[in-house]
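Here is a colleague's note on the model below.

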Number of protein chains: 2
Amino acid sequence: MRYEIEAVADRLREVRDAKQLSQRELSRLAGVPQAQISRIESNSVDLRLSSLVAIASALDLEIALVPRKAVPAIKSITRQTTDRTVIQPPTIGKEMQQLQKAIRALQIDAPTLPELDDLRRAAASLQRLQIDTRFLDNLRSVRHTIESANITEQWNGIFEAANSMKALRIQIAHFKPENEQRSANRPAYSLDEDDDDA
Amino acid sequence: MRYEIEAVADRLREVRDAKQLSQRELSRLAGVPQAQISRIESNSVDLRLSSLVAIASALDLEIALVPRKAVPAIKSITRQTTDRTVIQPPTIGKEMQQLQKAIRALQIDAPTLPELDDLRRAAASLQRLQIDTRFLDNLRSVRHTIESANITEQWNGIFEAANSMKALRIQIAHFKPENEQRSANRPAYSLDEDDDDA
DNA sequence: TTTTTTGATGTGTTTTACGATATCAAACAT
DNA sequence: ATGTTTGATATCGTAAAACACATCAAAAAA
């Protein structure tokens with residue numbers, strides 16, 4: 001298969017990963033079976049345009065046919081437009097992922113809840129901060145609040161959760177700005193992928 | 001079918017038109033049957049990605065999956081990057097089309113001919129000028145020179161043709177710059193599409 | 001550890017794109 | 001007027017995508 005096709009497949013997975021969606025979640029959003037998404041991402045099918053559009057739309061992407069010589073400029077714009085996520089320590093990263101997932105679940109079960117937007121905003125603003133591992137339990141606690149509120153349908157729990165998150169944001173922001181770092185690619189903590197077995 | 005798919009189909013036709021390629025010519029370039037191209041452009045099939053890539057490549061386009069919010073910026077870049085063609089009076093426009101076609105034919109029959117690039121450049125530079133109808137015969141003559149050179153395989157005719165075009169360019173450029181007009185959308189002459197039957 | 005989630009892969013069936021080929025009317029060129 | 005080109009269609013056969021399932025091992029969460 002042509003490299004351009006592979007590039008499309010790679011890009012779809014890249015964006016899905018960036019949005020931290022599982023294939024099953026994307027499947028629901030796009031109306032395409034999970035098995036099919038897997039096959040598409042692993043580039044083992046010559047997918048139809050309708051499938052591509054469905055998945056791309058679900059990922060908030062549009063298909064653009066652009067002149068070859070405009071490609072570099074367009075890549076640049078795309079990069080600028082894409083929100084870069086702060087890279088968190090692994091445990092924090094995973095917990096944030098869970099948090100997002102809890103919020104998405106909430107969106108499905110109670111889409112009209114007025115606090116939902118508030119909650120999403122609070123979470124998004126957290127994402128942009130470098131979060132120390134010592135806040136892990138706070139994050140967990142917030143998530144549990146959301147989850148049980150969702151189960152028991154006691155929506156005032158959501159209100160609490162949003163407030164906790166805002167408070168937490170202030171705490172985190174005020175904590176140790178000595179540990180300076182930009183939104184860069186290189187994390188401040190040491191990645192655990194140091195295969196130093198010597 | 002979804003509007004995004006229609007948009008792709010429309011864009012393919014738009015670019016093909018802009019490049020003044022017939023479906024059959026594009027067919028040869030892309031390795032896709034003309035019938036299929038027709039079906040695709042009229043949006044009566046849900047084409048596969050491989051087909052899209054083949055056709056897009058032949059049109060010198062790439063497929064980009066871009067964030068929705070970047071779309072306006074990307075459209076703008078695409079527009080800037082796309083060469084705008086001067087709109088000629090109908091007769092001139094058609095003759096220039098024929099000329100391009102003759103050159104393309106030449107490219108197929110004698111791809112290694114050294115003057116070919118020269119010829120193409122000369123034609124391209126003509127395209128950017130506003131050409132008065134009085135030069136119609138000159139253009140025709142140049143084209144005939146090329147065509148018969150191609151048939152008789154007397155390639156020195158191509159050399160002549162290229163020189164004639166360069167001379168013609170100077171003539172045209174020096175002629176009546178009073179008839180001022182930018183590369184705009186609105187032509188200086190009156191379009192023949194005035195359905196005044198009264 | 002136990003349970004859940006995730007991505008990959010398999011199967012059988014239906015639908016559809018695709019290619020090859022041919023035809024045709026309308027536009028166009030000579 | 002005559003010949004050529006163009007885009008749209010039609011038919012037929014084949015290959016392949018899409019879908020609805022169903023697993024399953026590995027990773028992750030509890």
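**Notes on the model**

1. A:Val66 stands opposite B:Glu62 in strand 1 of chain B. Strand 1 of chain A and strand 1 (residues 61-67) of chain B pair in the antiparallel sense, over 7 bridges. Two strands count as paired if DSSP finds at least two bridges between them. Helices (H or I, at least four residues) and strands (E, at least two) are DSSP runs, numbered from the N terminus.

2. Ground rules. This is a predicted model: local features need pLDDT of at least 70, side-chain atom pairs count only at pLDDT 80 or more, and totals for chains, interfaces and linings use all residues. Residues are numbered from 1 along each chain as its sequence is written, chains are lettered from A and ligands numbered from 1 in the order in which they are written, and side-chain values use heavy atoms, with hydrogens and water left out.

3. The protein contact. Chain A brings 36 residues and chain B brings 36 residues; contact means heavy atoms within 4.5 Å. About 3,700 Å² is buried between chain A and chain B, with 63% of it on carbon and sulfur atoms. In chain A, the residues that lose the most area to chain B are A:Leu49, A:Glu62 and A:Leu65, together 22% of what that side buries. Buried area here is the accessible area (1.4 Å probe) that two parts lose on being put together, summed over both.

4. Polar pairs across the interface. The rule finds 20 residue pairs in polar contact between chain A and chain B, both residues at pLDDT 80 or more. A polar contact is a pair of N or O atoms within 3.5 Å; within protein, one must be able to donate a hydrogen and the other to accept it, and residues adjacent in sequence count only if both atoms are side-chain atoms. On the side of chain A that touches chain B, helix 1 (3-18), helix 4 (49-58), strand 1 (61-67) and helix 5 (71-81) each supply at least two residues. That side divides into 21 nonpolar, 5 polar and 10 charged residues. For these classes, Ala, Val, Leu, Ile, Met, Phe, Trp, Tyr, Cys and Pro count as nonpolar, Asp, Glu, Lys and Arg as charged, and the others, Gly among them, as polar.

5. Salt bridges. Over all chains the count is 29. Across the interface of chain A and chain B there are 4. The rule asks for a side-chain nitrogen of Lys or Arg within 4 Å of a carboxyl oxygen of Asp or Glu. Which side chain meets B:Glu62 in a salt bridge? That of A:Arg68, at 3.0 Å, N to O. A:Arg68 also forms a salt bridge with B:Asp60, with the closest N and O atoms 3.3 Å apart. This pair crosses between chains: A:Arg68 is in the loop between strand 1 and helix 5 of chain A, and B:Asp60 is in the loop between helix 4 (49-58) and strand 1 of chain B.

6. DNA strand D. It is surrounded by 23 residues, the closest being A:Gln36, A:Arg48, A:Ser51, B:Gln23 and B:Arg24. Of the atoms of DNA strand D that come within 4 Å of the protein, sugar and phosphate account for 71%. A residue is near a strand if one of its heavy atoms lies within 4 Å of it. For B:Gln23, a polar backbone atom is 2.6 Å from a phosphate oxygen of DNA strand D. Helix 3 of chain B gives the most to the nearby surface, with 4 residues. By class, that surface has 5 nonpolar, 7 polar and 11 charged residues.

7. DNA strand C. Sugar and phosphate make up 73% of the atoms of DNA strand C within 4 Å of the protein. Polar backbone atoms of A:Gln23 and of B:Arg48 are each 2.6 Å from a phosphate oxygen of DNA strand C. The largest share of the surface near DNA strand C, 4 residues, comes from helix 3 of chain A.

8. Backbone check. A:Asn43 is not a glycine, yet has a positive phi of about 60 degrees. A:Asn43 lies in the loop between helix 3 and helix 4 of chain A. B:Glu153 has a positive phi near 60 degrees and lies in the loop between helix 8 (136-152) and helix 9 (156-174) of chain B.
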